[in-house]
Amino acid sequence: MEPGQYLAHATTANYDAVTDPLIALKRRELRVENDRAAIQEARNMRRRARKLDPEQTVDEQAYASALASRWRLIDRPHSRLPTPPVWRIIGFLLDEASEKYLLAIGEERIETITQKLKQKQQLSEVGTMD
């Protein structure tokens, strides 16, 4: 993980952001969503996808996104969870089942965006063949 404004915050809580699998997933998610935003922009579509923030590193954005996902789940637990989420390290890390759930829905989101990008690419290729 690159040094940045959030790394000091994480270390004060004895939380190792470097080995956090949700942050690694969020890095991928941010890049895929940035690709989608670029396509939306190139096609003059209404941009709904998130672009990368040039003022922050991808690591910083992934860290913020991971923590925000955890707080959202605490604030509004999903009905698909068998039990309500519980903090293992308050503000940083949830119970094992909740962490696995966040990883699963993150993978689903990446897959959904990737499939949409592939569909749009195929449609544009068909349109150029005419």
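**Aromatic cluster**

I looked first at the aromatic rings of this predicted model: ring pairs join Y15, Y63 and F92 into a cluster. For Y15 and Y63 the ring centres are 6.3 Å apart and the planes stand at 45 degrees, so I recorded the pair as tilted. Y15 sits in the loop between α1 (7-11) and α2, and Y63 in helix α3 (residues 58-75), so the pair ties together parts 48 residues apart in sequence. I noted that both Y15 and Y63 are buried; buried means under 20% relative accessible area, exposed over 50%, and partly exposed in between (1.4 Å probe, protein chains only).

**Basis of the entries**

I number residues from 1 along each chain as its sequence is written, and side-chain values use heavy atoms, with hydrogens and water left out. Local features need pLDDT of at least 70 and side-chain atom pairs count only at pLDDT 80 or more, while totals for chains, interfaces and linings use all residues.

**Chain overview**

I find four helices and two strands in the protein chain, in the order α-α-α-β-β-α. Helices (H or I, at least four residues) and strands (E, at least two) are DSSP runs, numbered from the N terminus. Of the 130 residues in the protein chain, 35% are buried.

**L93**

I located L93 in strand β2 (residues 93-94). L93 has a relative accessible area of 18% and is therefore buried. Setting aside residues up to four places away in sequence, L93 touches Y15, R70, V86, W87, R88 and E99, a contact being heavy atoms within 4.5 Å. The C-alpha atoms of L93 and Y15 are separated by 8.1 Å, although the two residues are 78 residues apart along the chain.

**Helix α2**

I checked the length of helix α2 (residues 21-42): at 1.5 Å a residue its 22 residues should span 32 Å, and its end C-alpha atoms are 32 Å apart, which agrees. The expected span is 1.5 Å times one less than the number of residues. At the start of α2, a side-chain oxygen of D20 comes to within 2.8 Å of the backbone nitrogen of L22. Buried residues of α2 include L22, I23, L25 and L30. Just after α2, I noted a positive phi of about 55 degrees at N44. N44 lies in the loop between α2 and α3 and is exposed, with a relative accessible area of 72%. Most residues other than glycine have a negative phi.

**Salt bridges**

I counted ten salt bridges in the whole structure, each a side-chain nitrogen of Lys or Arg within 4 Å of a carboxyl oxygen of Asp or Glu. R70 and D20 form one of them (2.9 Å, N to O). This pair links R70 in helix α3 to D20 in the loop between α1 and α2, 50 residues apart. R70 has a relative accessible area of 0% and is buried; D20, at 6%, also counts as buried. D59 bridges to R27, with the closest N and O atoms 2.5 Å apart. Here helix α3 is linked to helix α2 across 32 residues, and both D59 and R27 are buried. R28 meets E107 in a further salt bridge (2.9 Å, N to O). R28 is in helix α2 and E107 in helix α4 (residues 96-129), so parts 79 residues apart in sequence are tied together. R28, at 40% relative accessible area, is partly exposed, as is E107 at 37%.

Technical notes. A polar contact is a pair of N or O atoms within 3.5 Å; within protein, one must be able to donate a hydrogen and the other to accept it, and residues adjacent in sequence count only if both atoms are side-chain atoms. Rings of Phe, Tyr and Trp (its six-membered ring) pair if their centres lie within 6.5 Å; planes under 30 degrees apart count as stacked, over 60 as edge-to-face and the rest as tilted.
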